[in-house]
Amino acid sequence: MEYHGIVIRKIQDKNQDLWSLTDMWKDNGSTKNQKPTDWLRSSKIQDLIKEIESQSGFFPLWIIKGGKYGGSYGNRKLTLAYAAYLSAEFHAKMLGIVEERIYEEKNPELAYQSGRDRAIAGWKR
């Protein structure tokens, strides 16, 4: 996923995609007190994590220490919640991306064309 020309890393396990909350924080120009680690300490967010896990059966958060993929990663729901915390503009952008993907799932022809267009646009940069 890309925002303001910066790629937000995604990792996958066998059950879900997880996006880098750390990349989101850095790319958004957010303040130090909006770091993912601080946000994740909130009791409200801890409750959200428990609820997402109980609904999906999968823990929605990975924290990787050091290395190329170091940082905090969240599943789609946790990523959207963090985007809302960072800024209204970023949250709206993320919601648009999710809506686009849902629509593409319902229309495979559109998904093919949209994916192709995104790949070409990325290649041209």
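## Valine 98 and helix α5

Valine 98 has its place in helix α5, where helices (H or I, at least four residues) and strands (E, at least two) are DSSP runs numbered from the N terminus. The model is predicted: local features need pLDDT of at least 70 and side-chain atom pairs count only at pLDDT 80 or more, while totals for chains, interfaces and linings use all residues. Residues are numbered from 1 along each chain as its sequence is written, and side-chain values use heavy atoms, with hydrogens and water left out.

Not counting residues up to four places away in sequence, valine 98 touches Arg76 and Leu80; contact means heavy atoms within 4.5 Å. Tryptophan 62 is 36 residues from valine 98 in sequence, and the two C-alpha atoms are 21 Å apart in space.

## Packing of α4 with α5

Helix α5 spans residues 88-106, and its axis comes within 7 Å of the axis of α4, with a crossing of roughly 150°. Axes are lines fitted to C-alpha atoms, for helices over the stretch in contact, and angles run from 0 to 180 degrees between N-to-C directions. The two helices α4 and α5 are therefore roughly antiparallel to each other. In this scheme, angles under 35 degrees count as roughly parallel, over 145 as roughly antiparallel, 65 to 115 as roughly perpendicular and the rest as oblique.

On the α4 side, Arg76, Thr79, Leu80, Ala83, Ala84 and Leu86 meet Phe90, His91, Met94, Leu95 and Val98 of α5. By class, the contact of α4 with α5 comprises 8 nonpolar, 2 polar and 1 charged residues. Here Ala, Val, Leu, Ile, Met, Phe, Trp, Tyr, Cys and Pro count as nonpolar, Asp, Glu, Lys and Arg as charged, and the others, Gly among them, as polar.

## Packing of α3 with α4

Helix α4 (residues 76-86) also packs with helix α3 (residues 43-56), at an angle of about 155° and with the axes 10 Å apart. Helices α3 and α4 are therefore roughly antiparallel to each other. The contact draws on Ile45, Leu48, Ile49, Ile52 and Gln55 from α3, and on Lys77, Leu78 and Ala81 from α4. These residues of the contact of α3 with α4 divide into 6 nonpolar, 1 polar and 1 charged.

Serine 56 is in helix α3. With a relative accessible area of 32%, serine 56 is partly exposed; buried means under 20% relative accessible area, exposed over 50%, and partly exposed in between (1.4 Å probe, protein chains only). The side chain of serine 56 reaches the backbone nitrogen of phenylalanine 58 at 3.1 Å. Alanine 83 is 27 residues from serine 56 along the chain, and their C-alpha atoms are separated by 20 Å.

Leucine 40 is found in helix α2 (residues 36-40) and is buried, with a relative accessible area of 6%. Apart from neighbours within four places in sequence, leucine 40 is in contact with Ile45, Gln46, Ile49, Leu61, Ile63 and Ser72. Between leucine 40 and tyrosine 103 there are 63 residues of sequence separation and 30 Å in space, C-alpha to C-alpha.

Asparagine 75 lies in the loop between β6 (71-74) and α4. This asparagine 75 counts as buried at 8% relative accessibility. Leaving aside neighbours within four places in sequence, its contacts are Gln16, Asp17, Leu18, Trp19, Ile52 and Pro60.

## Serine 20 in strand β4

Serine 20 belongs to strand β4 (residues 17-20) and counts as buried, at 0% relative accessibility. A polar atom of the serine 20 side chain lies 2.9 Å from the backbone nitrogen of aspartate 23. For the backbone nitrogen of threonine 22, the distance to a polar atom of the serine 20 side chain is 3.4 Å.

Leaving aside neighbours within four places in sequence, serine 20 is in contact with Ile8, Arg9, Ser72 and Tyr73.

Terms used: A polar contact is a pair of N or O atoms within 3.5 Å; within protein, one must be able to donate a hydrogen and the other to accept it, and residues adjacent in sequence count only if both atoms are side-chain atoms.
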